[in-house]
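The stops below are given in the order in which to select them.

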Amino acid sequence: MQISSGDEASKCGDAMHTKIYAGTLFDSEKCELIKHRVISVSAKSGLILDVQPYSPGEVDASVDFSDARNIDLRSKTVLPGFVDCHVHFFLHPYSETSWEDQNTRESLVERTIRATVHARETLMAGYTAVRDLGTEGAGDADVLFRKCVSGPNPLIPGPRYFCANRAIVTTGSYGPRNRLYPNRAGVEGKTGAEAADGVDECIKVVRRQVGAGADWIKLYADYRFRAEMTQVSPQTASESLDTFNTDELHAIVQTAHKLGVKVAAHTDEHGHSVGESSFFRRSPDDYVARDTGIRQPTVWIPTLSVYYTLGKDTPMWKQAASTFTRAIKASDLNVKIACGGDTGTFAHGDNSLEMKLMVHLGADWKTVLRWGTLGGWECIRSMRWEGQKGKERLAKIHELREDARVVGDNETGILRRILSAPWIREALSS
């Protein structure tokens, strides 16, 4: 067998580690299925240390699969951990409780307990990293929640957790709406996002959120600003309008980047440049409209799932599906794609619906697997992985020249517990 000598284990202080024998392994970089690979996992950190080919005959003769450190998946296809670039752990399906009622009628305790359940459901669905794009009225709960799911001794099972704290909006553009006092923000002090107006306020709110521990900054570049017109003019109420002006957008992005943080922009209808960041929703255009002077790589998160689950016969779903279909057929599409369904608006654990819809709409399944694994990680990882310095870090990882306990972001040690649990071994073998 061509298994490494164990040097990679000694570099992180491991004398022993778990070996997963895969019959077939999906290579996200080459978009290929490769046969007969053994994956070495650190018993201390839960991180993958090495992937090497093995000889089936030699494994049959020399590997003891009654040993808990050897996991037999030779009859299975093994995939890298999936990445969901758009979740809301502090929300549950709108079919159960409306967004407004979750904001105004559910306690922070209930929403946090639900989030712990959602984290476990997400991990058990095969998602080992997520980006939570806003607590939607739960304040700073995501930053504090991350502490419980990360590090060498997490309190609960869950994926790597990157959070965006409160979404940033302009005054009057977001909810929940106060029906009795329409000019008041929120309901009894509860707001679904944080308002900022003008360059100075935009800079201040970014600094505050990053200082509080946000991994990402999320902004609403456009939204249904005139939603209160629903009863008298539904079409007016449903239109997405620009929120921030060019100077405000520039201030948010530049401030975040100076602090080493990427920006995610919600945009339904219009193009916005958000720099080394990502945008999500329907439009995959060039995204340098309203020239902010920031022209850096951007990732498109189509969020097909939210439109599909909220109504597959609606114009919104039909437009989203049509836009995605056109985008994947375009030879000049100058944007990367990753997967994120706005999970939380539909059930956590059903995250893979986004990839299924992409394939259903005509995308190549191997390409979709890449978007859902490596593409997702390239999107949500910190800026320390980008640029020339990022390339140098990646080279160290590839050559195993860096301590495997500290090479990543928001690491969780829960994997080592899961791999040793009898129930997960039974699930892996079934």
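Begin with Asp342, which sits in the loop between strand S16 (336-337) and helix H11 (353-360). Helices (H or I, at least four residues) and strands (E, at least two) are DSSP runs numbered from the N terminus. The phi of Asp342 is near 70°, a positive value in a residue other than glycine. Asp342 counts as buried because its relative accessibility is 4%; buried means under 20% relative accessible area, exposed over 50%, and partly exposed in between (1.4 Å probe, protein chains only).

This is a predicted model, in which local features need pLDDT of at least 70 and side-chain atom pairs count only at pLDDT 80 or more, while totals for chains, interfaces and linings use all residues. Residues are numbered from 1 along each chain as its sequence is written, and side-chain values use heavy atoms, with hydrogens and water left out.

**Backbone stops**

Select Thr303 next, in the loop between strand S15 (298-301) and helix H9 (304-310). Thr303 has a positive phi of about 45° although it is not a glycine. With a relative accessible area of 0%, Thr303 is buried.

Move to Pro176, in the loop between strand S8 (168-169) and strand S9 (194-195). The peptide bond leading from Gly175 to Pro176 is cis, with omega near 0°.

**The loop between S6 and H5**

Now select Glu136, located in the loop between strand S6 (127-132) and helix H5 (141-149). Is Glu136 buried or exposed? At 3% relative accessibility, it counts as buried. Show its surroundings: beyond neighbours within four places in sequence, Glu136 is in contact (heavy atoms within 4.5 Å) with His88, Leu91, Trp99, Asn103, Arg111, Tyr174, Gly192, Lys218 and Tyr220.

Draw the distance from the side chain of Glu136 to the side chain of Trp99: the two make a polar contact at 2.9 Å. A polar contact is a pair of N or O atoms within 3.5 Å; within protein, one must be able to donate a hydrogen and the other to accept it, and residues adjacent in sequence count only if both atoms are side-chain atoms.

Thr135 is in the loop between S6 and H5 and is buried, at a relative accessible area of 1%. The side chain of Thr135 reaches the backbone oxygen of Gly139 at 2.9 Å. Not counting residues up to four places away in sequence, Thr135 touches Phe90, Arg111, Ala141, Asp142 and Asn165.

Select Leu33, in strand S2 (residues 32-42). Leu33 counts as partly exposed because its relative accessibility is 40%.

**Whole chain**

Zoom out and display the secondary structure: the chain has 16 helices and 16 strands. Of its 430 residues, 52% count as buried. Among contacts in the chain with a separation of 6 or more, residues 24 or more positions apart account for 68%.

Finally, colour by pLDDT, the predictor's confidence in each residue, from 0 to 100. The chain averages 83, and 81% of the residues score at least 70. Over residues 8-14 the pLDDT is below 50, and this stretch has 21 contacts in the model beyond near neighbours in sequence. Residues 419-425 also stay under 50, with 15 contacts beyond four places in sequence. Where pLDDT is low, the predicted coordinates should not be read in detail.
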